[in-house]
Protein chains: 2
Amino acid sequence: MRKTTINKKDAIIQAATFLFARKGYKDTAMGELSRMTGAAEGTIFYHFKNKQEIFLTILRNLKEDILPEFERYRKTASKKTGLDMVEETVAFYLYMTKSREDLFSLLHQRYAYELAETNPECREILEAIYDCFIDIFERAIDTGQRDGSIDPAITARKSALIVFSLADSMVRFRMNNLYDVGALYKELIESCQRMLENRTGTQERQKPQATATPE
Amino acid sequence: MRKTTINKKDAIIQAATFLFARKGYKDTAMGELSRMTGAAEGTIFYHFKNKQEIFLTILRNLKEDILPEFERYRKTASKKTGLDMVEETVAFYLYMTKSREDLFSLLHQRYAYELAETNPECREILEAIYDCFIDIFERAIDTGQRDGSIDPAITARKSALIVFSLADSMVRFRMNNLYDVGALYKELIESCQRMLENRTGTQERQKPQATATPE
DNA sequence: ATAAAAACCGACTGAGCGCTCAGTCTAATC
DNA sequence: GATTAGACTGAGCGCTCAGTCGGTTTTTAT
């Protein structure tokens, strides 16, 4: 085996992710980061030109970690009706945000959006991430509108924005732990279903076609 | 007329509200607050024992300003079906958050929730505010479930939490201005309606009663 | 007019911060 | 063995910040 010990740079990123998520960007001191990793403060600035660069690096990694995982999910998503796919996607989103709490906490930090206003790369990353999330919802909804399980009255993209907003909002409530959101899961799914489902009678207009649908 | 000039204390609160909302609690320096109000730094600490106390004062005022306004709204809410009331409430919430952007921005600050974890008063205020918001939705939904316009399948409180989450999420998107949410208003209302409406056929089971319903 | 109280002032303090830099240590290269 | 380059160090610099303090002005009560 080669390189069993993590190098200092990775250790710094790891610890910074933890601290930024737990205490926020501004409240994380370089001294604490140094203590936590065993690296001298100088070492941190040897690897990163400043504190902001650490945040950006984490954001870059987040994008490169999470987006493929979402893409992979989208490809393996089972071939039920579009409406079922939406429900599944909500569930997947809730699961991902729970299992990667630290990373998603960064996306909810005010600092990220402040930075995005002056730093184009930051803005691009954030937009790419949200576009990916919303795209998955949109595709599911679009599928549903084609197979007749979802009402076509509202644009797929707009519905996607609304469903995503709802899911993300629940995540936020969970993180701020003002209300117990865990008990709301079943109702959340049911609400999404009611919001979207087609009830015009022309329900089964077009079953998922056997012939592979072109990309 | 007496006391046309605002006293320094009120000026400080006003400026602090503006700055905390605009730049966040941590990024607002007492020096800036001093410059903006014309009050010396010493004066600020004469009126408030520390920075946190300023934040708490604003939060207290927010509660005492906003809650009565919501209560007033609830009482004057027109006597349509419960479903209509929910839509109206969503609209009212969006309107209020827009016209009082600074205050509501405070409610979306991470600092508020950090403080709530150590300071019981802060936690009480936050809970009271959110309870008030959600209560209004809950009462509207409950009314709807009684008059048959809203499906009784989901508890009024749980539906209220979901609808409120959705509305609040839109507000957040608007503030972070990543996506243009203004164009989504119509669809938001429609989605809420679809989510809640009763479609079991027993729709008009019970019209709003002429006799005053007891509190 | 006078005294007491309340409001106000701004220079100052000390702690904490992000970041620098002169220099050490390690391991590969010649 | 000498040279070199990259990884690493930690004391310390310049600066910002919340909060203090001794003193002055303004208001109120007598």
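Which way does helix 7 of chain B cross helix 8 of chain B, left-handed or right-handed? Here are my notes.

1. Ground rules: this is a predicted model, where local features need pLDDT of at least 70, side-chain atom pairs count only at pLDDT 80 or more, and totals for chains, interfaces and linings use all residues. Residues are numbered from 1 along each chain as its sequence is written, while chains are lettered from A and ligands numbered from 1 in the order in which they are written.

2. To the question: the crossing of helix 7 and helix 8 of chain B is left-handed (the near helix is turned anticlockwise from the far one by less than a right angle; clockwise would be right-handed). Helices here are DSSP runs of H or I, at least four residues, numbered from the N terminus.

3. Helix 7 (residues 110-118) and helix 8 (residues 120-147) of chain B pack at about 125°, axes 6 Å apart. Axes are lines fitted to C-alpha atoms over the stretch in contact, and angles run from 0 to 180 degrees between N-to-C directions.

4. Ala112(B), Leu115(B) and Ala116(B) in helix 7 meet Cys122(B), Arg123(B) and Leu126(B) in helix 8 (contact: C-beta atoms, placed from the backbone, within 7 Å).

5. Now the two chains: 28 residues of chain B are in contact with 28 residues of chain A. Helix 9 of chain B gives the largest share of chain B's side, 10 residues.

Terms used: Helices (H or I, at least four residues) and strands (E, at least two) are DSSP runs, numbered from the N terminus.
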